[in-house]
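This report describes a metal site and several charged side-chain pairs. Please look over the sequence and the model before reading on.

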Amino acid sequence: MKMKPWMLSGVVVALVAVLAGCAGPKVSVSAPAGTGEKRIAMEASSFSFEPNEILAHSGDRLLLEVENTSGMDHNLTVLDPAGELLLSRHLPAGQKVPIELNLDQPGDYHFHCDKPLHPSLGMKGTIRAQ
Ligand SMILES: [Cu+2]
């Protein structure tokens with residue numbers, strides 16, 4: 001029996017599902033104390049964000065300087081603590097994108113890349129505002 005393209009894509013999905021079990025290690029940074037804009041350098045690659053845990057404070061204004069060091073387009077989508085969409089920005093391959101983010105409420109702001117399967121491959125993280 002010859003392999004049809006749709007069969008191959010089924011194999012790829014199965015492989016990805018296996019790989020999804022191996023999420024990368026946690027890389028954590030803390031936003032500096034005090035007021036004013038807080039710059040945090042972040043790297044987006046295939047398939048992780050580094051850091052993937054940011055410890056911050058309620059009321060912080062963050063400037064995430066996200067550099068996509070991969071040869072593939074990615075995205076940064078951030079949800080507020082209620083799970084509502086806060087922002088979504090395109091991260092073109094090889095470029096650095098400054099992203100302003102106001103942490104108006106305390107809680108966990110989960111973020112991920114919105115490309116299919118990228119979050120399960122490791123492109124996700126959390127900004128914790130205390
Ligand atoms: Cu991605």
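His-74 and Met-123 are both buried, where buried means under 20% relative accessible area, exposed over 50% and partly exposed in between, computed with a 1.4 Å probe on protein chains only. The model is predicted: local features need pLDDT of at least 70, side-chain atom pairs count only at pLDDT 80 or more, and totals for chains, interfaces and linings use all residues. Residues are numbered from 1 along each chain as its sequence is written, and side-chain values use heavy atoms, with hydrogens and water left out.

**The copper site**

His-74 (ND1), Cys-113 (SG), His-118 (ND1) and Met-123 (SD) are the protein donors of the copper ion, at 2.0 to 2.6 Å from it. Donors are N, O and S atoms within 2.8 Å of the metal (3.2 Å for Na, K and Ca); water is not among the atoms, so sites may look incomplete. Along the chain, the donors of the copper ion have the spacing H-x38-C-x4-H-x4-M. His-74 belongs to strand β6 (residues 74-79) and Met-123 to the loop between β9 and β10, so this pair ties together parts that are 49 residues apart in sequence. Strands are DSSP runs of E with at least two residues, numbered from the N terminus.

The 4 donor atoms subtend angles of 88 to 134° around the copper ion, which makes the arrangement tetrahedral; four donors count as tetrahedral if all angles lie between 85 and 135 degrees. The ideal angle for four tetrahedral donors is 109.5 degrees.

**Salt bridges**

The structure holds 4 salt bridges, each a side-chain nitrogen of Lys or Arg within 4 Å of a carboxyl oxygen of Asp or Glu.

| Pair | Distance |
|---|---|
| Asp-60 and Lys-38 | 2.7 Å |
| Arg-39 and Glu-65 | 2.8 Å |
| Arg-128 and Asp-108 | 2.7 Å |

Asp-60 sits in the loop between β4 (53-56) and β5 (61-68), while Lys-38 is in strand β2 (residues 37-45), so the pair links parts 22 residues apart in sequence. Asp-60 is buried at 6% relative accessible area, and Lys-38 is buried at 3%.

Arg-39 is exposed at 55% relative accessibility, whereas Glu-65 is partly exposed at 22%.

Arg-128 lies in strand β10 (residues 124-129) and Asp-108 in strand β9 (residues 107-112), so this pair joins parts 20 residues apart in sequence. Arg-128 is partly exposed at 34% relative accessibility, and Asp-108 is partly exposed at 25%.

Key. Helices (H or I, at least four residues) and strands (E, at least two) are DSSP runs, numbered from the N terminus. Four donors count as tetrahedral if all angles lie between 85 and 135 degrees; four count as square planar and six as octahedral if opposite donors are over 155 degrees apart and all others between 65 and 115; anything else is irregular.
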